[in-house]
Every structure is written in C-alpha cells, then in structure tokens.
Amino acid sequence: MFQIKRPRIARFATWAKINKPFTNTKHYIGTDRKSIVYSVKNNTDYANHIEMSSFFTSSIISYGAKQNSELRLMLHVVYPTLRCYPNNTSGSLDHNFYGVKITTPNKGKEIVKDFIFDGTLKVLSSIGKVKIQRQFFPATTNKALIERITITNSGNTTEHIQLTSLDKPKITAPRYGANRERYNIFTSISDNAVELAVGASKIIDIAYCATRLNEKFNLNFDKEQELREQFIATMDNLLIIKTPNENINLMSRYAKIRASESIFQTKSGLMHSPGGGNYYASLWTNDQCEYVNPLFGYLGYKIGEEQSINCYEMYRKYVATDKALITSIVAEGDDIWHGAGDRGDSAMYAYGLTRFLLTYGDKKTAENFIELIDKSLIYTISQTNSNGVIVSDSDELENRLESGKANLCTSTLAYDALISASYLHKELGNNEKAEYYTNFANKLKENLVSYFSKNVEGYATFMYCEEEPKLRSWISMPMVVGIFERSKATKDALLSPKLRMAEGLLSASGDKAFWDRSTLYTLRGLFNAGYSTDALELLEKFSTARLLGEHIPYAVEAFPEGNQAQLSAESGLYLRVFTEGILGIRPTGFGKFTITPNLPKTWDSMECNNIKFSGKFIDIKVTRKKSGYDLQITHNGITLNFDGKNFEIEL
C-alpha cells in the first residue's frame with residue numbers, strides 16, 4: 001500500500017513566538033481573583049499562546065493584537081483519535097484554523113480591549129459600537145474546539161453583522177490517513193448573518209471540527225460549556241493549596257487544570273499525554289509514570305486515577321527482567337518509541353507506580369501490579385556497575401545533554417523506588433522481599449553518595465555523571481528522594497549565578513536552555529531538605545513569572561526549544577512541590593504517610609485541603625509555633641489521631 005508522509009504544519013503562529021523567558025509582569029489577576037488578564041496597550045504588539053485540552057481534542061490558540069490593537073488569531077487543533085501516516089508519536093490529525101471574521105457596515109477593524117484566561121480564553125473586543133466577546137474552550141464529548149461569540153449592539157441604530165469563516169472545508173487525501181482513512185475538517189457556524197436592534201445581544205456558536213467520513217456531527221453548545229465549567233469547578237474543589245501568597249495559590253489552581261485536562265479517550269482507554277502540539281494519545285515513563293501519575297494517587301480526580309491505572313497496565317507487556325522498559329507507548333497503543341535507549345525507564349516506572357499505589361491505597365490494585373514492580377527492579381538492580389550505582393544509556397533529556405554511562409537521575413529514582421517497594425511488600429505481607437529492597441536501597445544510597453560526590457566548578461556537591469564537567473540543575477535529585485548529604489553545597493551551587501536565572505534554573509552551567517521540570521524538582525528538593533527560605537524566593541519568582549509574565553499561566557517544557565510549550569505533566573510537578581516538598585509527605589503504606597513540614601519563615605501557616613489518601617479526603621493545616629509546628633489533620637471536620645510525624649488513616 002503506497003502512502004506519502006503527511007507534511008507537518010506549524011503549531012504556533014509565526015507572530016506568537018515567546019522569545020523571552022521572563023522580563024517583567026505583563027498580566028494581572030482579575031477582580032474575580034481567579035482569572036488572568038492582559039489589557040491591550042496602544043502602539044504595543046502583544047502575542048501569546050495557550051493550550052487547552054479535553055478527551056477528544058487539544059488546541060494551541062495563538063492570540064494577540066497588532067500595534068493598532070487589531071485582533072489576530074490562529075487555532076491549531078489536534079484530534080488524537082484521528083490517525084495519520086505514519087501512525088507514530090506525532091501521527092495525530094491536526095489543522096490550523098484562522099477563525100471567523102466579523103464585519104459590520106462600517107467595515108471597521110476588530111479592536112481588542114482585553115484577553116482574559118480563566119480556564120477558557122476570552123477576547124473582549126469591538127468594531128465601532130458593536131461589542132464582542134469571543135470565548136474559546138475544548139468540547140468534552142466531541143472532536144471540536146468551540147468558540148462562542150457574544151455580540152452586543154451598544155450603538156443607537158440597528159446593526160447588520162456578517163460572520164465569515166476564514167477557512168474552507170477540507171477532506172484529507174487518502175495517502176495521508178492511517179490505513180488510507182479520510183477525514184472531514186470543517187468550521188460549523190450557527191449564524192452567518194445577524195441583525196441586532198439597539199441594546200440587543202446574540203450568541204453565535206462556532207465549532208472547529210474533524211470527523212471521519214460519514215460520521216455524524218452533533219454538538220450541544222450549552223452542554224459543552226457546562227461540562228467545561230464543571231471540570232474547572234471540580235479542579236477548584238480538589239487539593240486546595242492555601243498559602244499567604246496569592247500568586248502561588250492561583251498558580252496551583254491552574255496547575256490542577258493543566259495537569260488534569262490533558263487526558264484523551266482512546267481505543268486503548270484513557271491516556272494522559274504531554275501535549276505541546278506533538279505528544280497525544282501517547283505515554284512516557286517520565287511524563288506520565290514518574291511525574292504526574294503519583295499526583296493522581298492523591299489528587300482525588302477519578303478520571304486521573306483511572307488513566308493512571310490504565311497507563312501502568314499498558315506497559316505490562318513491555319516490563320521484563322532482562323531488558324530495559326520502553327520509553328513510550330504511542331498512537332493510541334499501536335506503536336512504541338524507544339529511540340534514546342535505556343533512559344532509566346524501568347526505574348522511572350517503578351518509582352511512579354510504587355508511589356501511586358501507596359497513596360491510592362487499594363490492596364487489590366497493588367497485588368495486580370506488584371509483579372511488574374519486582375520485574376522493573378530486578379532489571380534495574382541488574383544494571384548496577386562496579387561502583388555500585390545504576391547505569392543507563394541516557395536520561396529523560398534523551399541525549400540533549402551529557403548523561404554518561406551512569407547518571408544521578410537514574411540512581412536516585414532507583415533508590416526511591418526500592419524504598420517505596422519495600423513499603424508495598426510490607427503491606428502485602430512479603431516481609432522478606434521488603435527487607436531485601438530496604439537493604440539494597442541503603443547500599444545504593446551509600447554507593448551513589450560515594451560515587452557522585454565531587455567538587456564541580458568550586459562546589460562540593462555532586463557530579464551529574466563522570467563525563468560531565470559542568471554543574472547541572474539535576475544535582476537536586478538526592479534531596480528530592482531524601483538523601484541530604486552535601487545538600488548545603490548543592491543548594492549553593494543550584495542558586496549560584498552558574499545555574500540561577502531570573503525565575504528558574506538553567507539546565508547546565510554556561511548553557512542558555514532551561515527545562516521547567518528540573519526547576520520544579522529542585523524546588524521540591526530544597527523544601528524537602530529544609531532550605532525553605534531560599535526555596536521560597538525561587539518559588540515566588542517562578543510562580544509570578546509563569547502566572548503573570550510573558551507566557552501565562554502554566555509551567556512550560558523548555559526554552560528556547562519548543563516555544564515554551566505548556567506540557568501538562570510539568571503542572572503536576574508544580575503541585576508536588578507543596579505536597580512532597582513543603583509538607584514533606586512521604587507515603588509509607590496504604591493510608592499511611594510521614595509528614596515533615598518545612599514552611600518558609602515568613603509563612604505562619606499553610607493548608608492543603610481535600611487531599612485524598614486511600615479513598616478518603618482529608619484536610620491538612622500546618623501552623624507555626626515558637627518551636628516547630630502544630631499539625632491538624634481532619635476528615636469530614638473530625639480531627640484524626642496523629643503523633644506529630646507518622647500518620648495512618650483507619651481503613
């Protein structure tokens with residue numbers, strides 16, 4: 001069967017490049033204390049892009065205003081379940097729409113006043129006396145991006161308004177579709193012409209759609225808006241972070257939205273995916289297994305829990321004792337990607353799965369997966385070198401930077417996975433296996449501290465790998481997993497001019513690139529190690545930059561790579577700064593955890609409400625005392641027994 005590779009299209013408009021990591025605060029918090037607003041300024045260009053996702057689509061909306069405040073838009077819409085040739089990681093059907101043009105008899109330009117983001121994107125604009133609100137959000141039950149345009153006549157004469165799609169309907173060529181399947185791509189507009197009396201308003205419903213040939217398209221716009229609002233309300237009521245800093249609180253709100261919305265309904269079940277214009281209906285051992293799925297163990301979002309279990313289950317047939325786990329399952333489960341060799345994927349999988357199971361707290365689920373954990377750890381242990389640390393071909397940056405033969409990430413993740421596996425085996429009554437993992441973890445800790453300890457660029461910290469002479473931001477990993485040897489020098493190195501930038505950390509000394517994931521791991525590690533004052537300064541600047549700076553309101557993948565795409569799992573890492581960093585929560589069994597708060601000196605209290613452990617929602621409040629903290633843990637308003645360090649929910 002002859003097929004031609006489908007040409008890739010631009011994911012971002014050429015005018016929507018985020019060329020600066022951070023300069024100053026450009027946005028502000030709306031009067032509702034939830035939305036993020038940009039008020040357009042005369043003679044000033046503005047451009048941004050935002051990703052929004054739901055079960056059947058993801059959209060990267062490039063939006064902005066020219067110097068004369070005229071609106072500009074490009075809508076990059078991805079349909080993960082409509083597959084193209086080659087049916088691989090980037091084989092999702094996508095299309096660039098240029099929207100709907102609104103014209104009035106005076107033929108004026110559409111001039112923007114405000115851009116508002118609250119979980120949906122709103123554009124407030126006008127053409128003369130015609131007031132316009134455009135609202136964008138993904139459909140929940142259909143393969144469509146929705147735009148609802150509210151037009152109001154604020155003049156003193158009747159207005160005749162035309163709406164014209166700037167895109168022509170298209171049927172894809174069979175040579176581009178997986179299995180030569182063809183797709184309809186089209187824009188649906190409820191009204192092309194509107195007559196508005198003085199003071200009257202009307203809503204125009206638009207959908208940017210794709211379907212299979214002969215597939216019926218039926219969309220209830222009111223219901224779709226209700227479903228999007230329900231999703232956002234659900235996020236607002238789960239894992240509620242309350243600190244003295246409004247920017248941090250609001251950033252955590254948005255992190256829940258982005259971490260949870262990027263879940264797609266595929267033929268293999270629910271699959272969380274990074275997004276960014278390229279990564280859909282696909283799973284990774286780092287983004288999903290390691291970064292975000294442990295969050296879903298206690299976030300309380302049922303769909304997140306279901307997809308986590310499905311994710312770990314989809315890897316089952318690839319887990320082995322004699323070979324590395326594959327990196328990625330792509331194309332709705334039809335293919336795999338393993339292009340960077342062993343990245344420490346077995347350790348990533350075991351690390352994330354054990355933490356998820358401990359917080360999820362269901363014994364039957366744990367029994368179903370314990371064999372996979374053991375297989376992953378058998379392989380990981382088999383990769384121990386003569387220095388007693390774990391080797392791998394690369395790491396999660398996939399050879400973008402030096403990772404050597406044995407890197408710090410793989411060994412620290414393996415250490416933490418062994419500790420968690422020992423807790424799991426104790427819960428399942430396998431005391432001998434638990435003791436074996438504990439003993440091996442203790443030996444691995446001793447070996448990795450000995451092997452990786454080195455004076456790097458004047459700091460008595462850790463080398464990332466033997467082949468790397470420069471400081472790397474991933475040297476925070478020992479602190480993340482509770483290894484605090486050399487932590488003072490490591491903290492000093494991380495926050496030194498060699499790695500520190502305005503709002504985050506460079507990936508390597510002397511480099512220009514940064515990856516938010518290493519900054520977020522570093523924040524968790526600094527708080528975990530007790531450096532709360534230093535960590536707070538970084539957390540405040542990072543949160544303000546991402547929430548209100550150049551590119552709002554989420555953590556991003558990288559700069560300059562990828563135009564600061566808002567990959568979803570990084571938002572999961574942001575939330576874990578609070579749970580596992582500031583609160584120091586460490587799951588030790590089903591409904592059991594230790595908690596070691598590390599509040600910044602300027603915070604008198606912090607709350608983490610409606611956090612889920614072993615099927616029960618609890619509230620945690622930490623209040624500073626003259627010496628130490630007062631911790632109050634409640635369930636349904638009833639204070640639960642807590643000895644000040646170890647906590648166990650009665651199941």
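Helices (H or I, at least four residues) and strands (E, at least two) are DSSP runs, numbered from the N terminus. This is a predicted model, in which local features need pLDDT of at least 70, side-chain atom pairs count only at pLDDT 80 or more, and totals for chains, interfaces and linings use all residues. Residues are numbered from 1 along each chain as its sequence is written, and side-chain values use heavy atoms, with hydrogens and water left out.

**View 1. N387 sits in the loop between α6 (363-382) and α7 (408-427).** Here N387 is partly exposed, with a relative accessible area of 40% (buried means under 20%, exposed over 50%, partly exposed in between, using a 1.4 Å probe and protein chains only). Leaving aside residues up to four places away in sequence, N387 touches N447 and Y451 (contact means heavy atoms within 4.5 Å). N387 and Y451 are 64 residues apart along the chain, and their C-alpha atoms are separated by 6.8 Å.

**View 2. E561 meets R400 in a salt bridge, at 3.0 Å from N to O.** A salt bridge is a side-chain nitrogen of Lys or Arg within 4 Å of a carboxyl oxygen of Asp or Glu, and by this rule the count comes to 48. E561 lies in the loop between β26 (558-559) and α13 (569-582), and R400 in the loop between α6 and α7, so this pair ties together parts that are 161 residues apart in sequence. E561 is partly exposed at 34% relative accessibility, and R400 is partly exposed at 36%.

**View 3. R586 and D416 form a salt bridge, their closest N and O atoms being 3.2 Å apart.** Strand β27 (residues 585-589) holds R586 and helix α7 holds D416, so the pair ties together parts that are 170 residues apart in sequence. Are these two residues buried or exposed? Both R586 and D416 are buried. They also belong to a network of salt bridges that links R355, D416, R524, R576, E580 and R586.

View 4. A disulfide is a covalent bond between the sulfur atoms of two cysteines; here the cut-off is a pair of cysteine sulfur atoms within 2.5 Å. For C84, the closest cysteine sulfur is in C209, 16 Å away and too far for a bond. The sulfur of C311 is 3.8 Å from its closest cysteine sulfur, in C289, which is also too far for a bond. C84 is buried, with a relative accessible area of 2%, and C311 is buried at 0%.
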